[in-house]
Amino acid sequence: MPLKFFNTKTRRAGNFKALKKTVGLYTCGPTVYNYAHIGNLRTYIFEDLLKRTLLGANFRVKHVMNITDVGHLTDDADLGEDKMEKGARREGKSAWDIAKFYTKEFQKDLKALNILPPDVWCRATDHIKEQIALIRTLERKGYTYLTSDGVYFDTKKFRAYGVLVGKEGLRGLQEGARVEKHPEKRNATDFALWKFSPAGQKRQMEWLSPWGVGFPGWHIECSAMSMKYLGATFDIHCGGIDHIQIHHTNEIAQSESATGKPFARYWLHGEFLTIDDGRMGKSEGNFIPLHLVIERGINPFAYRYLLLQTHYRKQLSFSWEALDAAEQGYRNLIARVAALGSGSRISAAESGMTKDVKNAFEDDLNAPEALAALWKALKSATPPSQKTIFALDAWFGLALKKSVAALNKKTRVPAAIKKLLSERETARAEKKWLLADQLREKMLKAGWQIDDSPTGSTVHKD
């Protein structure tokens with residue numbers, strides 16, 4: 001089965017064809033002025049599923065992720081304050097220290113959620129030279145103009161501007177109020193490539209450029225760094241759905257104007273995590289960092305398990321009750337896998353389950369369908385072996401082998417009890433209720449309580 005992804009650029013799902021055996025993958029990283037919240041992390045988990053699916057389909061992947069540590073302003077109109085400077089003032093530290101601290105915290109979050117790290121981490125502040133060179137190329141080709149506060153890209157000169165958003169989306173951008181906030185812009189959609197440091201003000205992060213002392217705009221970093229490490233044209237560019245209208249639209253404009261070549265061939269975007277009927281975000285003041293989830297005693301894998309139950313292109317409403325239910329579901333999954341035999345024989349049923357799981361992921365990362373296929377096999381009369389489940393976990397990323405080992409070490413469920421539990425599950429699946437009750441009584445007499453749920457049964461000492 002060929003890989004199939006929904007491409008934002010074409011607005012339809014289609015078969016994926018890589019340029020080479022090694023897939024070039026660029027994922028927009030965090031602006032490191034504060035903690036990433038779990039809404040941000042939903043995007044990184046969807047991108048992790050994409051990477052795992054590519055690897056499972058026998059592609060090699062060169063994955064590049066940026067760290068935005070300068071240039072991301074608080075206002076999309078290219079006005080406002082640099083978020084790094086704002087974070088530094090909030091905490092009484094230097095912008096450099098803020099960037100270093102929150103980069104490490106973000107990387108800790110990725111590790112806690114078993115998200116595969118990129119092959120290349122690239123910080124905006126380490127690539128000022130590349131960004132200046134790209135702006136000079138655009139200047140030489142006639143795409144830029146100067147205002148009192150910086151160098152701007154003239155979007156009217158790029159005929160394909162707005163290809164990601166379509167005609168309706170582009171009309172909305174053009175009719176927006178951003179032009180009123182910056183009267184020197186020629187067009188509402190024009191954006192800053194380089195911003196001058198404010199007169200009489202010494203910024204913590206500023207550099208000398210051909211146009212004056214200042215700092216790069218937010219969008220230029222991703223174009224400069226992605227093309228440095230992946231080439232002018234590469235396979236896949238990802239991010240959150242909020243990046244479509246401005247950030248990714250502007251990346252395409254400046255990159256293709258500079259090179260005359262197609263930029264990214266496939267664009268994949270993850271939907272919002274919502275809370276209280278609105279998007280979760282730092283600007284909304286309702287964000288939940290992962291460390292708060294962990295401090296409440298919740299396994300971070302419960303959050304990953306929660307996300308697997310909803311397709312990445314559908315909004316997901318967050319609640320603590322839903323997360324608690326997901327944690328119970330994850331515990332049940334671990335207990336069910338722990339109760340399996342560790343044999344290596346692959347049955348026809350196991351082969352079918354493996355195919356179903358892979359097919360689901362290869363069909364636009366349909367994690368809910370893959371998870372359903374896994375549970376269906378686990379509840380069957382002939383459940384798969386642990387070896388098969390652990391192999392399939394390379395797609396899910398739920399750290400099942402490690403979690404099963406931890407559970408076995410903690411509970412030490414005897415082999416005889418595991419056997420009775422497995423026999424009872426088979427009896428229940430075959431609707432042999434009398435036999436199931438008899439097996440339950442045997443376990444109770446041995447001192448083991450049984451917890452039944454829609455996702456399976458587990459045992460614990462009474």
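Visitor: What makes Tyr 305 count as buried?
Guide: This is a predicted model. Tyr 305 has 4% relative accessibility. Buried means under 20%, so Tyr 305 counts as buried. Tyr 330, at 3%, counts as buried too.

Visitor: Why is the aromatic pair of Tyr 305 and Tyr 330 called tilted?
Guide: The ring centres are 6.2 Å apart, and the cut-off for a pair is within 6.5 Å. The planes stand at 55 degrees. Stacked needs under 30 degrees and edge-to-face over 60, so the rest, tilted, applies. Tyr 305 lies in helix H10 and Tyr 330 in helix H11, so the pair ties together parts that are 25 residues apart in sequence.

Visitor: What makes the pair of Tyr 143 and Phe 153 stacked?
Guide: The planes are at 5 degrees, and stacked means under 30. The centres lie 5.7 Å apart. Phe 153 is buried at 0%, and Tyr 143 is buried at 17%.

Visitor: How do you know that the charged end of Arg 296 sits over the ring of Trp 320?
Guide: The charged end is 3.7 Å from the ring centre. The distance limit is within 6 Å, and the charge must also be within 35 degrees of the ring normal. Lys 93 likewise lies over the face of Phe 101, at 5.1 Å.

Visitor: Why is H1 called largely enclosed by the rest of the structure?
Guide: Because 16 of its 19 residues are buried.

Visitor: How do you know that the span of H1 agrees with its 19 residues?
Guide: At 1.5 Å a residue, H1 should span 27 Å. The end C-alpha atoms are 26 Å apart, which agrees.

Key: Residues numbered from 1 in each chain as written. Predicted model: local features only at pLDDT ≥ 70, side-chain atom pairs only at ≥ 80, totals over all residues. Heavy atoms only, no water. Helix = DSSP H or I, 4+ residues; strand = E, 2+ residues; numbered from the N terminus. Expected span 1.5 Å × (residues − 1). Buried < 20%, exposed > 50% of the residue type's maximum accessible area, 1.4 Å probe, protein only. Phe/Tyr/Trp six-rings, centres within 6.5 Å; stacked < 30°, edge-to-face > 60°.
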